[in-house]
Protein chains: 2
Amino acid sequence: MSVSQRAVQNAKETLEQLDQKISHFEELISLANWDLQTGAPKKGRALRSKAVGTLSSEVFQLSLSKEMGECLDTLSQPEAQAQLDMVTRAKVREYKRNYDRSRKIPPEEYKEYVVLTSQAQDIWVEARQKKDFSLFRDTLKKIVDFKKKFIDYYGFEEHPYDALLDEYEPGLTVKTLDQLFGDLRAKTTELLARIQDSANKPRTDIFQQSFDIKQQEAFSRFVLSKLGYDLDAGRLDVSAHPFAVGINTKDVRITTRYMENDMRSAIFGTIHECGHALYEQGVNPKFEGTVLRGGTSMGIHESQSRFLENMVGRSFEFWTYFYEDLKRFFPDQFNDVSIEEFCRAINTVEPSLIRVEADELTYNLHIMIRYEIEKGLMSGELEVDDLPSIWNQKMEEYLGLTPPDDAQGVLQDIHCSFGGFGYFPSYSLGNLYAAQILYTIRKEMPDFYDKIRNGDFLPIREWLRENIHQYGKLYTPQELIKKVTGEDLNAKYLIDYFEEKYSKVYQL
Amino acid sequence: MSVSQRAVQNAKETLEQLDQKISHFEELISLANWDLQTGAPKKGRALRSKAVGTLSSEVFQLSLSKEMGECLDTLSQPEAQAQLDMVTRAKVREYKRNYDRSRKIPPEEYKEYVVLTSQAQDIWVEARQKKDFSLFRDTLKKIVDFKKKFIDYYGFEEHPYDALLDEYEPGLTVKTLDQLFGDLRAKTTELLARIQDSANKPRTDIFQQSFDIKQQEAFSRFVLSKLGYDLDAGRLDVSAHPFAVGINTKDVRITTRYMENDMRSAIFGTIHECGHALYEQGVNPKFEGTVLRGGTSMGIHESQSRFLENMVGRSFEFWTYFYEDLKRFFPDQFNDVSIEEFCRAINTVEPSLIRVEADELTYNLHIMIRYEIEKGLMSGELEVDDLPSIWNQKMEEYLGLTPPDDAQGVLQDIHCSFGGFGYFPSYSLGNLYAAQILYTIRKEMPDFYDKIRNGDFLPIREWLRENIHQYGKLYTPQELIKKVTGEDLNAKYLIDYFEEKYSKVYQL
């Protein structure tokens, strides 16, 4: 089929109009969700959710509309592609990926699935409260059946789970992950054994104190401003689960939570979300109001938060700069704690039952357990009925612990209940990407840790902005990591980082 | 044309779907506007406004769509009307009013007008800053020309200005207003002269003190909760211009502002907005997600805020209940001020230049000046060029004052710049409705002021909810005031209220 220049121009204009409308609608949906999780009065929330549902289905209909289909068709022709600028090609790629995936599912089945997963969350909550997997089992079976059918609709080349991974990390496959996670697991297990054998355990009592919440908030704001987060283009609030949301590029909000008996939650939560927020604040303003405005994938997004939280925020150099300030905000709590003790304490490794409370090293083991279970469920090697026993068996094998009940085991995460299979690996990918990026930045900026020690964070933010943030979704995650680091994603860098770090912390 | 039951049923369902969609979209627009005026980071606001613009034009298109037109056509047929329940008839009335008005304006002209008024606000701001009407004159001429053309499109029976009044207070005419304002003006002028001659002037120095802003906020919340505002279905924030917004019936937010050197602004502002908010919180929940959810008119809405602020909140009985609390929140400020002195002070009458700072009595004179000028502009009896001199002449005549410059005169209000001709009378209508409602409630609840004295506000809120709030837009303002008070709107009640009140305050 031959495509005239005129047809390409028209299709491009239509796409731009649809893109802007969708982006604007999504901006208002994001704002409403932020509000729901921060300050919305509790009695109004159920009604608000309906309004959000109405606008969300409008977005869904627009992105699957005949108009969208036609212009994507036109713009995907090789002749048309050759005429397009890079930005439009990326937009076409993003919308087409979504369009193709969604169109493959028969609308009736999709509707049933949406109803199922919206009910599933309440059932999961109840099952978790009652610590009884069997209450959630039949619902989960139905979700898994849907996912398997969807996989058939989507299609895949090597492994059924690839079809789901692709949703969160475009192009990611089981083959790649098996390699990455295999390497990482071997090293993690070996390192964990050495750590557990070490006689040089950090003090861990220093956080069992009372930390004034107003002071925690003041310190969080202080750190945010030093890290280059623009508070005139964002704000800091409180929510039950911390998050960052880019409502638009000049309105990127962070939430955190303050626990009186442990200030780590607020500080590292804030730094983590700041990493996400710097990404969204740093996207090229010309992508505003377009699909390219967000981060390119879950994994790359998570790399930015983990980089800031762990590679920067848990480093000795970071606290060399901030420790005196911390003592100023909390004058009584750290009198007898040296900076060395403090830094070792915030880097303690200790196998634990709950993923979201895990330390930096063992965290990835929690992810691998979920990865293997999801992969097995999708390939048919595992059945839902087997889950609690498989879970506990893997916890014992990977972490040496046995959950006392399902709530602290197989029922701990919400993800299954909304059908988020394929999501978990992103978290570990974030760590892997972050370490590879760290290697590159240290090569290109040899005084990286000197800068941190001096509180000179802006050049680091600028490097990330220049190399990663500004591009938004212009590049796929694979393209981006290659462009930034010169090679494909590789577990080597995270492995070396862990070795270097824990050798120091545990004096191995 | 004969209409089948089936066709009516179909049209009804279509209207319900459109109604829900429009209501949900408007909910998200309200939320975004609330956010823009409260906590949105400043750099993101311009972008947010674009997103709001996109969703607003979606709402505009839906309410003028072919689909909407067809179902309104069907449902307006007498045969169809006979089959409809009262609620659907009211929905048809509301959408049809809007549809008919908007369809009368040629789209191209409307677009030009929207562009003009959006630019006009900046021009007005600059002119006001420079205190120079001539900078705004030509823009205002264009707006007036548009309004005159629109009046021709809308059509009118007696006076051109009727076509504009109808937008804010459906059914209101110049004939009615001339009568109401004529009566009110005569009484106000006479009373004002007696007040100015009175030797018993209240102390006015008691508010020239420092009032801690945190304490002002705490006291505002304390008063709100006593008045029956549900803080689980709302929240209190700060904004440059106080407002109340019903995002949905269970999420009705209030804003206020705190001035350190005068706590009246926060307290009476909060009580005023609380009156609006009680209206929105009190609408029948079955109207949620429909066009009937809001207040029935600007005037009735304003009656609820003025009733609470002035008739309740400035009464001696109100402060009999709250004065000890006020002293508890501000222990140093009112030591030597008796409750009588306090109540006289908050009811001081003093002609002034600025409408929004005017006292309860002279406020209506400010409105009458605007009413007469707008009426004259629309009928052609006045020209834009004459405005500054006419303004100053009327200020002298009505209030005995001459503005020192245009900023404190003809340029003080934003309303002209957005083309809000016909809006001002609503404010005084609010006072008139409120006094007539006060008369009725005192008749039906003879211990009305005893209840206030005892802090027993819930029965009063329930009376308002039962008689006014619950109906939302089910009744037109005329129907409602007749249903509540047994007669049409009449200036007598406000006149009697003023006589009674100021006889006491000024010991006339």
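**Annotated site, sheet and a helix contact**

User: Which residues does A:His276 touch, leaving out those up to four places away in sequence?

Analyst: A:His276 touches A:Ala244, A:His301, A:Glu302 and A:Ser305 once residues up to four places away in sequence are set aside. Please note that this is a predicted model.

User: Where is A:His276 found?

Analyst: A:His276 is found in helix 11 of chain A, which covers residues 264-281.

User: Buried or exposed, and why?

Analyst: A:His276 has a relative accessible area of 12%. Buried means under 20%, so A:His276 counts as buried.

User: What about A:Glu302: which helix holds it, and is it buried or exposed?

Analyst: A:Glu302 lies in helix 12 of chain A, residues 298-312. Its relative accessibility is 6%, so A:Glu302 is classed as buried.

User: What is A:Glu302 in contact with, neighbours within four places in sequence aside?

Analyst: A:Glu302 is in contact with A:His272, A:His276, A:Ser426, A:Tyr427 and A:Gly430.

User: Which residues carry the UniProt "binding site" feature?

Analyst: The UniProt record, an unreviewed entry, places that feature at A:His272, A:His276 and A:Glu302. These residues are spread over 31 residues of sequence, yet they cluster in space, with a largest C-alpha distance of 8.8 Å.

User: Changing topic: what is the strand order of the open sheet in chain A?

Analyst: The open sheet in chain A has three strands in the order 1-3-2, and the pairing is mixed. Strand 1 (236-238) and strand 2 (244-248) of chain A are at the edges; each has a single partner strand, so one side of each lacks a neighbour in the sheet. From one strand to the next, the twist averages 30 degrees.

User: How many bridges join strand 2 and strand 3 of chain A?

Analyst: Four bridges, in the antiparallel sense; strand 3 of chain A spans residues 251-256. A:Asn248 has A:Asp251 of strand 3 of chain A as its bridge partner.

User: Which helix packs on the sheet?

Analyst: Helix 1 of chain A (residues 5-37) does, touching strand 1, strand 2 and strand 3 of chain A. The direction of helix 1 makes about 140 degrees with that of strand 2 of chain A.

User: On to chain B: at what angle do helix 9 and helix 17 cross?

Analyst: Helix 9 (residues 174-197) and helix 17 (residues 425-444) of chain B cross at roughly 65 degrees, and their axes come within 12 Å. The crossing is left-handed.

User: Which residues make the contact?

Analyst: Helix 9 of chain B contributes B:Leu177, B:Leu180, B:Phe181 and B:Leu184, and helix 17 of chain B contributes B:Pro425, B:Ser428, B:Leu429 and B:Leu432. Of the residues in this contact, seven are nonpolar, one is polar and none is charged.

Key
Residues are numbered from 1 along each chain as its sequence is written. Chains are lettered from A and ligands numbered from 1 in the order in which they are written. This is a predicted model: local features need pLDDT of at least 70, side-chain atom pairs count only at pLDDT 80 or more; totals for chains, interfaces and linings use all residues. Side-chain values use heavy atoms; hydrogens and water are left out. Axes are lines fitted to C-alpha atoms, for helices over the stretch in contact, and angles run from 0 to 180 degrees between N-to-C directions. Helices (H or I, at least four residues) and strands (E, at least two) are DSSP runs, numbered from the N terminus. A crossing is left-handed if the near helix is turned anticlockwise from the far one by less than a right angle, and right-handed if clockwise. Contact means heavy atoms within 4.5 Å. Ala, Val, Leu, Ile, Met, Phe, Trp, Tyr, Cys and Pro count as nonpolar, Asp, Glu, Lys and Arg as charged, and the others, Gly among them, as polar. UniProt positions are given in the numbering used here, feature names are shortened, and annotations may be inferred rather than shown by experiment. Buried means under 20% relative accessible area, exposed over 50%, partly exposed in between (1.4 Å probe, protein chains only). Two strands pair if DSSP finds at least two bridges between them.
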